[in-house]
Amino acid sequence: MKLLIIIRKFQPHDFSWVIDIEKKVFDEHDPYFYMQFYETCSDGFIVAEINGFVVGYIVGFLMSEETGRIFSFAVHPAYRNRGAGSALLKEIINVFSKTGVSEIILEVRQGNTRAKKFYERHGFYMTGITENYYNDGENAVLMKFRVER
Ligand SMILES: CC(C)(COP(=O)(O)OP(=O)(O)OC[C@H]1O[C@@H](n2cnc3c(N)ncnc32)[C@H](O)[C@@H]1OP(=O)(O)O)[C@@H](O)C(=O)NCCC(=O)NCCS
């Protein structure tokens, strides 16, 4: 049976789900950032739902008229490899494309080989490295997606 993944905009009642996923997946980040983000640029805050559960989220914002930036992106470990991550990433590319940006950028930990491959499969490519980007000193790989016009 094909799994139904619902992709929709974040709503305030999703907050605890998102924070729960964020805590499981990342060591850093401020939970209150997400509510602030919802209040200022809610179009770029998207969640994935399976069987009524929020299983993943993606957060992005416009850095300029030309550039969208993905800030945070995660799927609950128990719900990975079912297409939720791909659906979230496709949706935010779609949202950004409608605003007229020409590129979408993101940073990913240099050691996060799986995420780097995932992004490459979705059309992102590496553009550089920022040394000591994360609090623990790990480098960030900078990646970019060119929006087709
Ligand atoms: C990166 C991440 C968001 C991907 O989420 P996901 O839901 O697992 O993504 P998908 O299911 O769409 O794709 C993942 C894999 O499942 C496979 N897949 C997709 N749909 C599938 C399905 N219906 N059945 C089986 N496998 C499937 C994909 O081919 C892909 O394979 P690959 O990773 O070997 O290339 C997730 O791994 C994650 O949260 N990682 C930790 C946080 C992180 O690294 N965030 C990004 C950097 S900030």
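User: What should I know about numbering and confidence before I start?

Analyst: Residues are numbered from 1 along each chain as its sequence is written, and side-chain values use heavy atoms, with hydrogens and water left out. The model is predicted: local features need pLDDT of at least 70, side-chain atom pairs count only at pLDDT 80 or more, and totals for chains, interfaces and linings use all residues.

User: How is a pocket defined, and how much space lies in the largest pocket?

Analyst: Work on a 1 Å grid over the protein atoms alone; a pocket is an open set of points with protein on both sides within 12 Å along at least five of seven lines. A 1.4 Å probe is used, and lining residues have an atom within 4 Å of a point. Points are joined across faces, edges and corners, and the volume is the space filled by probe spheres set on them. Here the largest pocket holds about 1000 Å³.

User: Which residues and elements line the largest pocket?

Analyst: It has 33 lining residues; F26, F73, N112, A115 and Y119 lie nearest its centre. Elements are DSSP runs numbered from the N terminus: helices are H or I with at least four residues, strands are E with at least two. Those giving two or more residues to this lining are β4 (67–75), α3 (84–99), β5 (103–109) and α4 (113–121). β4 gives the largest share, 7 residues.

User: What is the class make-up of that lining?

Analyst: Ala, Val, Leu, Ile, Met, Phe, Trp, Tyr, Cys and Pro count as nonpolar; Asp, Glu, Lys and Arg as charged; the others, Gly among them, as polar. The lining has 16 nonpolar, 8 polar and 9 charged residues.

User: How many residues of β4 are buried?

Analyst: Buried means under 20% relative accessible area, exposed over 50%, partly exposed in between, with a 1.4 Å probe and protein chains only. In β4, 8 of 9 residues are buried. T67 sits in this strand and is buried at 9%. In β5, 5 of 7 residues are buried.

User: Which strands does β4 pair with?

Analyst: Two strands pair if DSSP finds at least two bridges between them. β3 (residues 53–62) and β4 run antiparallel, joined by 7 bridges, and a hairpin of 4 residues connects them. I58 has F73 of β4 as its bridge partner. β4 and β5 run parallel, with 3 bridges. The chain goes from β4 through α3 to β5, a right-handed β-α-β crossover: with the strands pointing away from the viewer, the path from the first strand over the helix to the second runs clockwise. Across this pair, G68 stands opposite I104 and R69 opposite I105. T67 and I104 are 37 residues apart in sequence but 5.6 Å apart in space, C-alpha to C-alpha.

User: Where does β5 pair next?

Analyst: β5 pairs with β7 (residues 140–146), antiparallel, over 7 bridges. V108 stands opposite V141 there.

User: What span does α3 have, and what follows it?

Analyst: The expected span is 1.5 Å times one less than the number of residues. α3 has 16 residues and reaches 23 Å from its first C-alpha to its last, close to the expected 22 Å. Its buried residues include L88, L89, I92, I93 and F96. G100 follows, with a positive phi near 95°.
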